[in-house]
Amino acid sequence: MFVPKGMRRARKAQRARAEAHFPKEEKAEVGIPPRKDVDIGRLTLKEAGLYNLVLETGRYMIFVLLVLGIAHTMAVPDAYHLSNSVENTFLSKLDKINVSLDVYYWMENEVFPKVSADGYTADGQSVLVGAVRMRQVRVPLDTCVFHGGRVSSARLLSLYFDLCAEDYTRGSAVKGHYHPGWTGVPNLTNTSGPWIYRQTDSIWSLYRYDSGGYVIDIDPRPPDHNHHLSELRNMSWIDRQTRAVFVDFTLYNANVDLFNVVSVLVETPAIGRARVQFDLPVLRLHLYNQTTDLVLLTFQIAYVIFLAYFIYYAVRGILKDRIEYFKDVWKVLDLMVVILSLIAVAAFVARMILTENTLKNYRENNSSFLNIAPVVLVDRTQLIVVSILAFIGCCRCCKLLRGNNSLYLMQKTFGRVISPMLSHGGVILVLMFSYGMLGNISFGGYVESYSTIYNAFLTVTDFVIGSYQLDDYVMFPTLGTIFFISFVLIMNFVLLNFFATVMMDAFFVEKETFVTPEDREIVTYILNRARVRLSGWCHGQAEKRTNDGVESDPIRTSFGTS
């Protein structure tokens, strides 16, 4: 556009007057900063990122080492050998128990004879601590009747018998008190007899059995210990109303300073034949007695300090970011670590208190039964929590490798594919559950692998990973073949291939749009600085050796002086 010459002169004079009002320093601030200042600013940002990365890496590596150190000390090295020795000594004839009355013969022939008068077991290495406890749970013996004009499926035996007893449930358990022989109601002057119902702690309380029952403690060390068993047998302490018999006793091996709890469960369902299970937990009750335990104590104190540090940063992050804090996967993992750590600390404190109370009660009456079931349950809870902490800690270390392009690309791929994978995984779970139901209905009455819904689901899960037993389908050649081949074709060749296809498609999409992350620049900066420092150090060492060689050469020295 044309501008008159006079107007151009006026605008030029106006700009000159405006520039005259501002000093040169202010004009420099308004303009573009020098290239040197920009480079220094970028270097400062990279150094700050370098400091944060090194701090986070060092902090979390120390934390993971502490978790793994504590978890390693909780795994008792001699536990397997001790439990295996006890199993071979006392439990080798458990398969001979077919009915609940066989418990008497097993104890008379396998348990009591292998405990000497001084308490040592047959292997000569362990000693019996306290008495042997027998406990049973009972169901009522009801008259089988018709209900509402229709035959109840649980009472069809009323067509042939006057009385019947159903399977055990927590609500149907008998909790009354009786005279010897299950007759009458006593006056409860003696609340510790085998005919009196009372509560007690048990390892099997986490299962479907109640912790209460009818309890008797027998000490096998006196010579008249068989008298108690004979009295119980003569008075029919175990009868048709008995649904489960628990036998518990505790052994101590001083060579390895370990306690071994022997707990045997003999179930007698309504069908009549007994089923036997056993549990052999091994644990240490005496802590901080060895030199290596001081290292464990140091690790635990350091872990508590780190836990306070993580709690502070987690609370500060939640207050600062609020709902945005829970959208970051790594921050959620840090919060899970804090919660699980608090549970582990609480379990450890509860274990110490329960151990002290249990041992104190036993010292007051060393002929009583040493019940360390609560300690075992708390110890197992602590072990599970610490193992989960170790797993999350190792997974959390993947973030420390985020400067690697391949790992960052995998992370972005999983973030893109998570939504379609969840929907596709739902289809796979529905199909596996359907095949499990089919196997339970078709083969459950004849094959152990499909006897329950849980076992059937585990069996079809083994199919997915390639583990299966073809002997399970020998009794059903046609249906078993169709079941097996159809599942393998549909699952392994169709659904799992779709699963891999979705993953590969997301991977190629992310690879095309891949952008180097900022952390990768920081890692590159670290490597470059380390390379420069190393080359400078090597160059300085070479110059030093050269100068030292010149000063020590007499010919060069004399030539230079002359």
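How many cavities of 30 Å³ or more does the structure hold? It holds three. A cavity is a set of points on a 1 Å grid over the protein atoms alone where a 1.4 Å probe fits but cannot get out. Grid points are joined across faces, edges and corners, and a volume is the space filled by probe spheres set on the points. Rolling a probe the size of a water molecule over the atoms shows where empty space is left.

The model is predicted: local features need pLDDT of at least 70, side-chain atom pairs count only at pLDDT 80 or more, and totals for chains, interfaces and linings use all residues. Residues are numbered from 1 along each chain as its sequence is written, and side-chain values use heavy atoms, with hydrogens and water left out.

The protein chain has 562 residues, and 36% of them count as buried. Buried means under 20% relative accessible area, exposed over 50%, and partly exposed in between (1.4 Å probe, protein chains only). The secondary structure comprises 14 helices and nine strands. These are DSSP runs numbered from the N terminus: helices are H or I with at least four residues, strands E with at least two. Contact means heavy atoms within 4.5 Å. Among contacts between residues at least 6 apart in sequence, 68% join residues at least 24 apart.

The largest cavity has a volume of about 100 Å³. It is lined by 14 residues, of which D201, D248, F369, N371 and A373 are the closest to its centre. Lining residues have an atom within 4 Å of a point. Strands β1 (126-138) and β6 (242-253) are the elements that give two or more residues to this lining. By class, the lining of the largest cavity holds six nonpolar, four polar and four charged residues. Here Ala, Val, Leu, Ile, Met, Phe, Trp, Tyr, Cys and Pro count as nonpolar, Asp, Glu, Lys and Arg as charged, and the others, Gly among them, as polar.

The second largest cavity contains about 40 Å³ of space. Its lining consists of D167, Y168, R208, Y209, R243, E267, T268, P269 and R275. Five of these residues are charged, three nonpolar and one polar.

The largest nonpolar core has 39 residues. A nonpolar core is a set of buried Ala, Val, Leu, Ile, Met, Phe, Trp, Tyr and Cys residues joined through side-chain atoms within 4.5 Å. W106, M107, M134, W237, V247 and F249 have the most contacts inside the largest core. Elements giving two or more residues to this core are α4 (79-90), α5 (102-111), β1, β5 (212-218), α6 (226-234), β6 and β7 (258-267). Helix α5 gives the most, with five residues. Beyond four places in sequence, M134 touches V103, M107, Y214, V215, I216, I218, L229, W237, V245, F246 and V247. A second, separate core has 25 residues, including F63, Y303, F310 and V338.

V132 lies in strand β1. V132 is buried because its relative accessible area is 1%. Its C-alpha atom is separated by 5.9 Å from that of D248, 116 residues away along the chain. Outside four places in sequence, V132 contacts M107, F112, I216, D217, I218, P220, V247, D248 and F249.

F90 belongs to helix α4. At 1% relative accessibility, F90 is also classed as buried. F90 and W106 are 16 residues apart in sequence, with 9.3 Å between their C-alpha atoms. Leaving out residues up to four places away, F90 touches W106, E110, V111, K114, V115, T121, F249 and L251.

H228, in helix α6, is partly exposed at 34% relative accessible area. H228 and D217 are 11 residues apart in sequence and 9.4 Å apart, C-alpha to C-alpha.

Two loop residues other than glycine have positive phi values. W182 has a phi near 60° and sits in the loop between β3 (163-164) and β4 (197-199). R322 has a phi of about 55° and sits in the loop between α7 (292-321) and α8 (329-364). W182 is buried, at 14% relative accessibility, whereas R322 is exposed, at 59%.

Definitions and conventions
On a 1 Å grid over the protein atoms alone, a cavity is a set of points where a 1.4 Å probe fits but cannot get out, and a pocket is an open set with protein on both sides within 12 Å along at least five of seven lines; lining residues have an atom within 4 Å of a point.
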